[in-house]
Every structure is written in structure tokens, then in C-alpha cells.
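The following note is intended for a colleague who meets this structure here. Its points are numbered and may be read in order.

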Amino acid sequence: MAFSTFFRFLKNLPGYSSSPIAWPRSVKQVVLILVDCACLFFAVWGAYSLRIGQFIEPTFWQWVLFAAAPLVAIPVFAVNGLYRSVIRYVGEKALWQIIKSMFLAVLLWSALVFFLDVQRFEAAPRSVPPLYLLLGTCLVAASRFGARWLIWLPVRRRISDRQVLIFGANPAGIQLAESLMAGQDLFPAGFVDDTPSLIHKDVSGIRVYPPNRLAYLIDHYEIREAIVCLPQASSARRREVVELLERHRLRVKILPALSELATGKNLVNLIRDVDVGDLLGRDAVTADQSILSKCIRGKVVLVTGAGGSIGSELCSQIASLGPAKLILFDQSEPALYQVHRKIESTDLCPVVPCLGSVSDKSRVTQLFEEHGIQTVYHAAAHKHVPLVEGNVAEGVKNNIFGTQTVARAAMEQGAETFVLISTDKAVRPTNVMGATKRWAEIAIQNLSASNSGTVFCAVRFGNVLGSSGSVIPLFKEQIAKGGPVTVTHPEINRFFMSIHEAVELVIQASSMAKGGEIFLLDMGESVKILDLAHNMIRLAGFRPLDPATGEGDIAIEFSGLRPGEKLYEELLIDNNNAVGTLHPKILAAHEPNASKAEFTRLMAELTQFLEQRDESSARELLLKVANP
């Protein structure tokens, strides 16, 4: 009867819903107060019964004390914030608040007992207040934690096969957990953290476990997925955590680094799959904003090779820095269409797409005369080592003659800055592609020495993650087909950086150049391609095949070094030439090169070989000059 009356009362409250989670906050607070009243009433009755040793029938004054218990305690609970917390997320902090509140409430209630005793009314035995404190604390705490368990029980059942672990009980991890609990897709089964002060505590109602409990959690909760939430950690630390989780055969997702989180979006929308860049162990180099826009803001900027992976990212970043006009130049119609559509949709600056080849002198000159170009970023190049190795004439035409054509036009038309995008393969090259890029560097260094007024510089960097020439797209394709993944040599290694980093380096270099420098990024340690292959196989949810035991999913095969391929890449011909710049992670060097007269003679000799279609002699000359 009492329960039916209680529920009829609830139904008459405004905003009542059959689901407790959907009740208005005021309704939930009223229900919680009523439950606390019942708990405290029965706690006093239980304390008396325990003291007497049997279930008692209260006297009039005992009824008064029973009724006084919640009347005294409820205001204390309210002042201490017990009705401000959300039951769904109640944790150990709430338990401590309950203990403090009950202790104060019992003191006030004991004062009432003492007053009645002084007035010679019927009083309580001295052992009743401590028993009341114990029973009241247990019942009030049990009501909250029991309600939390009941509220989440249907949710856990509904998504029992979609529970995840969150590695990192930090503010971002807590916000992520609360967002997941409010959603319908995933449920956080627990936090994993190695901070001693957090282990075995409840944070927002979710237990924090140490990393050595991973196996238990995976088995007990049938976990198949984990989210790494360490936005302030270093790249090396995130890599360590990802590798730990992958050893437990979990699908791993990651919350980006702190620099990527300032978007205002819900953290759930920022979760992404772990990519190979998270496993390189090198933190991204942050750009110096004070020098980033010096050669761009308010200027007419030309990007050659605008449709390529580096060129398109260059265009995106340049557009955001406020140029007066951005000229996109590429010989590929589909690539130019895509990058033009992408940049134009941002509506950040005027954009002009121009079809043509950097080897076409008249077309290049027309661009400078028509648009009054002030800054040039020369990204156009043939860069695939095996393809250029088999097409020497085209490599020379595009990478050397094309660079000279654009650079000379820039000088003759009074452009302010010219930046050549080079490669680490230009250092002591063993292939035609690297040699042509070194010749291009020499060409702009000689033009810089002519004191024309145009500032010429080059920028070198290692392999760019996700670019069309990177090994990573090849590995992804091979893994998708079930393998094998082909690595040319077990000891081959390379430097890696993100496309975003590479482009920021290029733009900053243009602002710091004085003429003739070759800029490069402090790339940290190089990465073994074999380790990269292992990481990518694990990221895809597979295991590398162990030839000795036959265990694993995808095999790795060694195909042998390709023509012109080196085991190790370098960034400088002579490390003693490098000096610091305005940016602590960017170095500048003046590499030794052939004199202007000597280089002019060599260019004539190279041209002659190509006219005679003697690619063998041309290749020999290219490598000889590039390796003095």
C-alpha cells in the first residue's frame, strides 16, 4: 500500500518518466530525500533494536527520536552537497561526503537525545548513537551505490559486447567516459592508469585499474577495444601504451595529442584509429607562429605540383595564412581539379588553378607576368625512385630543367622568395631521383649567388607519412590483401615525418631564408622499416607470421634492395655545416657545390647525353656530380 502510494506520488510530479535516468533533476532530488528519510528512520530503529537485543516496539519519545533523525540529517546532507551529485556517476568521493555528513548529523541528533535526557524524558542508551552512525552510513551509501548499479544494469546488458577500457584517468579521459556513458554505442568498463594515487579508486563512478590487471579485465568483461586517452603525454609514451594494449590483442583507438584537441568538439568525435605516426616515438615539431606567415600574408603565392600530397597540404596551409592570391600549378588535370575544389570551398583567399608543366618556359613566364608572383613553393617533381631510375630523361627534364625554368622565371620577374622542396635522398645519392634533386639544389644555390634580389633556399626532409611516395600506402594495400608484406632488407631504415610537419617546415624556411641555405628538420632517430611493417600489421588487428613457429597471420618477405636504394638515409653531406635557426628544431646548412661556370658546363654535357638518348652516360654523370 505504502509503495503504491509512493509511486502514485511520483507519477503526479512534473516531468515524470518511466526511466529514472530521464527524470528531471528536481524529481530525482525529491526521491533521494525520501529514500534518505526512510534509511535514517530505520537506522535509528535498528540501532535501538541492536542495543536492546531484540526488535522493539517504540514508545512515544522513541518515535519522536526516530522521526527527528531525518529531520536533523537532511539539511546537513543538503549543505554538504549530497543532493548535487549525479547518482549515475557517484564514486568514492561521495562516500567520504556521506561519512562526514552522517557524523555531523549524529552529533546533532545526540544533542537532542541529551536535551531530552536533561528534561527527564525517555532518552537513548549511550551505545545507540554509534550504532546509528554505522547503520545510517551503510544504508545511505547502499541506497546510492545500489541505485547506481540498478541504473547501469540495463545499459551494461544492452552493450555487453561493446565495452571498452580507457587508458588514462585524467580530465580528458573522464570527459570521454562521461560522453560514452551518455551515448548508445560504447560503455566504459573501467579506466586503466599507472598513477598510484588513482589505482583502485572510483573516478566518476568508474573503477581505475593498474595495467597489470589488463588480462583479468579483458577476460572478465569480454573487452575487445581500448581507447588511449593521454593527450598531454609524449609520443614515446603513447607508443609504449599502444604496444602494451596490442600485446593483449585489443583493437586500439586513440585520442589525439593536446595540440589537436582545441576544436570545441565532443571528445567522442575526436577518437580515431591509431595510425603509424603514433608509433614513431618522436613528438611532432611545433611551428613558430611568429615566422610562419612572413612570406605569405598579403602576397601572391605560387605552388607548383599543387595537386600532389605535399603540394595540396602546402596549398591548404598557405590559404589559411592570408595570401593576396594563391596560384595552383600542376600538369595533372584530375589532381589540380581536386585541390582547387578543396581550397576554393574554404573561401579563405582568391585561388587560381593553372594547368601546365614546369618545363614549359613560355607557360611559366606567362604565369609570373600575369599574376605578379612574389613567393614560390616549388613542389613539382618526379619522386618515385624506381620509376625515375627507369626513366632518366623524364626525371632530369622535370626535376632539374623544370626547377631551373621556374627559378629563372622567378628571378627575372622579380619574385621575392623561391623555396625548393628537396629530399634526404639528395645526400650522397645512389639513385637518379636523389641525384636530380641534388642537381636542383646546386642550381638554386648558383642562382642565389648571383645576387639577383630573389631569396633562394631549399628544404630537405625524410619520408612523409601517407604521401604518394611513402611505403605506408603499399604496406596497407598488402595487409588488406592478406600479405605478404614486402620489405627490401631487414636493416633498411628511414626518417619519417607527417605531411603537416613537412609543410610547416617549408613555410617557416621561406621566412628564415637569407639566400642559398638548405633547411632541414631535426628528425630524431630513424625508423627501421621492418619495425614499421610489424607495427602496421598489429595496427590492422593481425599478428606478424613467425617463420620459426608458424604462428601469426601475415608474413613478411624480404625482396632485396631495389636499384639505387640505400640502407640508410642522411640529411646532410657534412654534419659540421649545420647551424641553428630561429626555430630550435630547424637547422640550416650551406652545402658545397659546383661553381656557376662549372655547373653550366655540366648542364650542357647532360643535355647532350639526353639528346643522344644516352641515358646510361647521363645517369653516370648525374651520380658523379651529386657525389663529389
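A residue is called buried when its relative accessible area is under 20%, exposed when that area is over 50%, and partly exposed in between, with a 1.4 Å probe and protein chains only. The structure is a predicted model, in which local features need pLDDT of at least 70 and side-chain atom pairs count only at pLDDT 80 or more, while totals for chains, interfaces and linings use all residues. Residues are numbered from 1 along each chain as its sequence is written, and side-chain values use heavy atoms, with hydrogens and water left out.

1. Isoleucine 554. This residue is buried, with a relative accessible area of 2%. Isoleucine 554 sits in the loop between helix H19 (529-539) and strand S20 (556-558); helices (H or I, at least four residues) and strands (E, at least two) are DSSP runs, numbered from the N terminus. Leaving aside residues up to four places away in sequence, isoleucine 554 touches Ile479, Gly482, Gly483, Val485, Ile537, Phe542, Arg543, Pro544 and Leu545, where contact means heavy atoms within 4.5 Å.

2. Proline 484. The C-alpha atoms of proline 484 and isoleucine 554 are separated by 6.0 Å, although the two are 70 residues apart along the chain. Proline 484 belongs to the loop between helix H17 (471-480) and strand S15 (485-487). As background, most peptide bonds are trans, and most residues other than glycine have a negative phi.

3. Two arginines with positive phi. Arginine 428 has a positive phi of about 45° although it is not a glycine. Arginine 428 is placed in the loop between strand S12 (417-421) and H16, and is partly exposed, with a relative accessible area of 34%. Arginine 613 likewise has a positive phi, near 60°. The loop holding arginine 613 runs between H20 and helix H21 (615-626), and arginine 613 is exposed, with a relative accessible area of 75%.

4. The chain as a whole. What does the secondary structure of the protein chain come to? There are 21 helices and 22 strands. Of the 628 residues, 50% are buried. Among contacts with a separation of 6 or more, 73% are between residues 24 or more positions apart.

5. The largest nonpolar core. A nonpolar core is a set of buried Ala, Val, Leu, Ile, Met, Phe, Trp, Tyr and Cys residues joined through side-chain atoms within 4.5 Å. The largest one has 41 residues, and Leu314, Ile318, Leu326, Tyr377, Phe461, Ile507 and Phe519 touch the most other members. Helix H18 (residues 499-512) supplies the largest share of this core, 8 residues. Apart from this core lies another, of 26 residues, including Ala43, Leu65, Phe66 and Ala141.

6. Helix H11 and isoleucine 318. How many of the 11 residues of helix H11 (residues 309-319) are buried? The count is 11 of the 11, so H11 is largely enclosed by the rest of the structure. Ile318 is one of these buried residues, as are Glu313 and Gln317. Beyond residues up to four places away in sequence, isoleucine 318 touches Ile296, Val301, Val303, Pro323, Leu326, Tyr377 and Ile507.

7. H15 with H16. The axes of helix H15 (residues 392-412) and helix H16 (residues 432-448) come within 9 Å and cross at roughly 20°; axes are lines fitted to C-alpha atoms, for helices over the stretch in contact, and angles run from 0 to 180 degrees between N-to-C directions. That makes H15 roughly parallel to H16, since angles under 35 degrees count as roughly parallel, over 145 as roughly antiparallel, 65 to 115 as roughly perpendicular and the rest as oblique. Among the residues in contact are Val396, Ile400 and Gln404 of H15 and Trp439, Ala443 and Leu447 of H16.

8. H15 with H21. These two axes also come within 9 Å, and they cross at roughly 45°. H15 and H21 are therefore oblique to each other. Val392, Ala393, Val396 and Ile400 in H15 meet Glu615, Ala618, Arg619 and Leu622 in H21.

9. H15 with H20. The axes of H15 and helix H20 (residues 596-611) come within 12 Å and cross at roughly 145°. Here Ala393, Val396, Ile400, Phe401 and Gln404 of H15 meet Phe599, Met603, Leu606, Thr607 and Leu610 of H20.
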